[in-house]
Amino acid sequence: MNNNDIISKTITFVKEQLNNAEGGHDWFHIERVYKNALLIAKNESCNLQIVQLSALLHDIADSKFHNGDESVGPKVAREFLESQNLTEEVIVHVINIIENISFKGGNFEKKFSSIELDIVQDADRLDAIGAIGIARAFNYGGFKNRALYDPKIAPNTNMSTEEYKRSQAPTINHFYEKLLLLKNKMNTETGKNIAKERHRFMEVYLAQFYAEWEGEK
Ligand code: ADP
Ligand code: NI
């Protein structure tokens, strides 16, 4: 089977698997990450098949929806890849990317590195920032019934960590906890350049948000 056939079969498989996925991790998220990854890959010397497969399979079974079980995604991906008669070398690489792609804040140590992981990780991070990133954040916040913003639980609040954790932080806080940090975590030059634009857009958005909150605009 040539690579185009493998990729179209992977697309069909992922669409089926994500049939009932929530808005932030549906097929369209995968499609955007896939496009971002192809764009970044153009400027890097890399194995394109690994980039394509990893981008398509990176959220195949998000641990948030399997009681935190991080082994489900890699297992589902491996079974699929084995059914496509790919070499063990390719399969191991794709699985390594899936296991290492996620932003997990402090307590996560990166155990694997490759240019293909760098590319797909940048592609996934780009989809968490800019206009799409803002939409995804508020979509997630709505799903969790979070407030949009609350000046009492502002990001620069001086409440204790415990109080903060209990408070169901509003969605605006997520910008300061994650979205605005991503620009400086990009791996590739292409990723950095795109992230810069999307970051600027979020800053403009936040300034407008606060102005409207105060009835100033
Ligand atoms: P990834 O796609 O890297 O796996 P996550 O699963 O952590 O990212 O999050 C999916 C989407 O939901 C992202 O766009 C992320 O910014 C958003 N999100 C995650 N946690 C929160 C939160 N506490 N508040 C608002 N949005 C969130
Ligand atoms: Ni993702």
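**Exercise 1. Which elements do the buried residues of α3 pack against?**

Before the solution, two conventions apply: residues are numbered from 1 along each chain as its sequence is written, while chains are lettered from A and ligands numbered from 1 in the order in which they are written. This is a predicted model, in which local features need pLDDT of at least 70, side-chain atom pairs count only at pLDDT 80 or more, and totals for chains, interfaces and linings use all residues.

Step 1. Begin with the elements themselves: helices (H or I, at least four residues) and strands (E, at least two) are DSSP runs, numbered from the N terminus. On that basis the protein chain has 10 helices and zero strands.

Step 2. Then settle burial, for which C-beta atoms are placed from the backbone: a residue is buried if 20 or more other C-beta atoms lie within 10 Å of its own, exposed if 12 or fewer, and partly exposed in between. In α3, the buried residues are Ile 50, Val 51, Gln 52, Leu 53, Ser 54, Ala 55, Leu 56 and Leu 57. Because eight of the 10 residues of α3 are buried, this helix is largely enclosed by the rest of the structure.

Step 3. Finally, look for contacts, where two residues qualify if their C-beta atoms, placed from the backbone, lie within 7 Å. The buried residues of α3 pack against α1 (3–17), α2, α4, α5 and α6.

**Exercise 2. Describe the two domains and the contact between them.**

Step 1. The domain assignment, whose bounds come from an automatic or database source, gives domain 1 (1–105) and domain 2 (128–217).

Step 2. Between the C-alpha centres of domain 1 and domain 2 there are 27 Å. Nine residues from domain 1 and 10 residues from domain 2 take part in the contact.

Step 3. To sort these residues by class, count Ala, Val, Leu, Ile, Met, Phe, Trp, Tyr, Cys and Pro as nonpolar, Asp, Glu, Lys and Arg as charged, and the others, Gly among them, as polar. The side of domain 1 that touches domain 2 then has three nonpolar, three polar and three charged residues.

**Exercise 3. Which residues are closest to ligand 1, and which element gives the largest share of its shell?**

Step 1. A residue is near a molecule if its C-beta atom, placed from the backbone, lies within 6 Å of it. By this rule 13 residues surround ligand 1, the closest being Gly 24, Arg 136, Ala 137, Tyr 140 and His 174.

Step 2. The elements that give two or more residues to the shell are α7 and α9, and the largest share, five residues, comes from α7. At least three residues are drawn from each of domain 1 and domain 2.

Step 3. By class, the shell divides into four nonpolar, six polar and three charged residues.

Step 4. Gly 24 is found in the loop between α1 and α2, where it is partly exposed, with 18 other C-beta atoms within 10 Å. Not counting residues up to four places away in sequence, Gly 24 touches His 29, Arg 136, Asn 139 and Tyr 140.

**Exercise 4. What values of phi do Asn 85 and Asn 145 have, and are these residues buried or exposed?**

Step 1. Asn 85, in the loop between α4 and α5, has a phi near 55°, a positive value in a residue other than glycine. With 8 C-beta neighbours inside 10 Å, Asn 85 counts as exposed.

Step 2. Asn 145, in the loop between α7 and α8 (161–166), has a positive phi near 60°. Asn 145 is exposed, with 7 other C-beta atoms within 10 Å.
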